[in-house]
Amino acid sequence: MISLDLQEYNRTQHENTVVNIARRLSNSNVPYCFIKSSSLALQRLPVSPNDIDILTTAEGAYDLQRALQQRGNLVKEVQYSTDGMFGSYFGKLNLNGVQVEIIGEFTEKHSKGWKSNKKVLEERVFVDKNGCLIPVSRLEHERQSYHELKREKDTLKKARLQEMFSLRI
């Protein structure tokens with residue numbers, strides 16, 4: 001019997017789901033990119049994402065929901081919401097047992113007020129996974145976002161990013 005480490009299984013399941021999403025959207029004109037821990041993992045930082053976060057425009061959020069929705073996998077329909085820290089056109093799907101969050105026109109509240117993430121989408125980069133080009137946020141954007149949010153749960157991710165940037169110098 002082959003034993004597979006749960007963390008490795010989740011990483012494989014996460015990456016396979018990302019590749020499947022990118023392939024399904026390959027002929028779409030919807031601008032999108034994978035952000036947060038998904039972006040970090042896809043760019044080989046040692047983190048284990050719990051979900052998949054996809055950044056897009058407000059209109060793109062509805063388009064992605066239509067493109068990715070299958071019978072019974074819609075958890076939350078896209079609609080505008082805010083929790084005081086984040087604001088977006090937000091929806092959730094479950095693809096292959098992985099929670100996928102669609103985030104359109106994403107804003108974050110920082111010490112200096114609300115900040116749009118439009119630049120993150122405009123400056124996305126692409127990584128190759130299994131012959132499929134995957135759009136991801138730049139590590140510089142993730143580093144800045146995690147630094148400005150100052151959330152306790154992001155301590156490890158901030159440390160990994162800081163370590164990676166210090167090795168680049």
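In the predicted model, the largest nonpolar core has 24 residues. Those with the most contacts inside this core are Ile21, Phe34, Ile52, Ile54 and Ile134. Several elements of secondary structure contribute: H1, strand S1 (32-35), strand S2 (52-56), H3, strand S4 (86-95), S5 and strand S8 (132-136) each supply at least two residues. The greatest contribution comes from H1, which gives four residues. A second, separate core consists of nine residues, among them Ile35, Leu55, Phe86 and Val120. In soluble globular proteins, nonpolar side chains tend to be buried together.

When neighbours within four places in sequence are left aside, Phe34 is in contact with Val18, Ile21, Ser39, Leu42, Ile52, Asp53, Ile54, Ile134, Pro135, Val136 and Ser137.

Helix H3 spans residues 58-68, and its buried residues are Ala58, Gly60, Ala61, Leu64, Gln65 and Leu68. Around the helix axis these residues cover an arc of only 145 degrees, and they therefore lie on the same side of H3. On the other side of this helix, Glu59 and Arg66 are exposed. The pattern is related to the geometry of the helix: an α-helix has 3.6 residues a turn, so residues three or four places apart point the same way.

Charged side chains form a further set of links, and the structure holds four salt bridges. One of them joins Lys129 to Glu15, with the closest N and O atoms 4.0 Å apart. Because Lys129 lies in strand S7 (residues 125-129) and Glu15 in helix H1 (residues 6-24), this pair ties together parts that are 114 residues apart in sequence. The two partners fall into separate accessibility classes. Lys129 counts as buried because its relative accessibility is 9%, whereas Glu15, at 24%, counts as partly exposed.

Another salt bridge is formed by Glu108 and Lys36, whose closest N and O atoms are 3.1 Å apart. Glu108 belongs to strand S5 (residues 98-110) and Lys36 to helix H2 (residues 36-42), so the pair ties together parts that are 72 residues apart in sequence. Glu108 has a relative accessibility of 0% and therefore counts as buried. Lys36 likewise counts as buried, at 10% relative accessibility.

Glu105 is partly exposed, with a relative accessible area of 32%. Lys118 also counts as partly exposed, at 47% relative accessibility.

Cysteine residues were considered next. The count of disulfides comes to zero. Cys33 is buried, with a relative accessible area of 0%, and Cys132 counts as buried at 7% relative accessibility.

Technical notes
Residues are numbered from 1 along each chain as its sequence is written. This is a predicted model: local features need pLDDT of at least 70, side-chain atom pairs count only at pLDDT 80 or more; totals for chains, interfaces and linings use all residues. Side-chain values use heavy atoms; hydrogens and water are left out. Buried means under 20% relative accessible area, exposed over 50%, partly exposed in between (1.4 Å probe, protein chains only). The arc is that of the directions from the helix axis to the C-beta atoms. A disulfide is a pair of cysteine sulfur atoms within 2.5 Å. A nonpolar core is a set of buried Ala, Val, Leu, Ile, Met, Phe, Trp, Tyr and Cys residues joined through side-chain atoms within 4.5 Å. Contact means heavy atoms within 4.5 Å.
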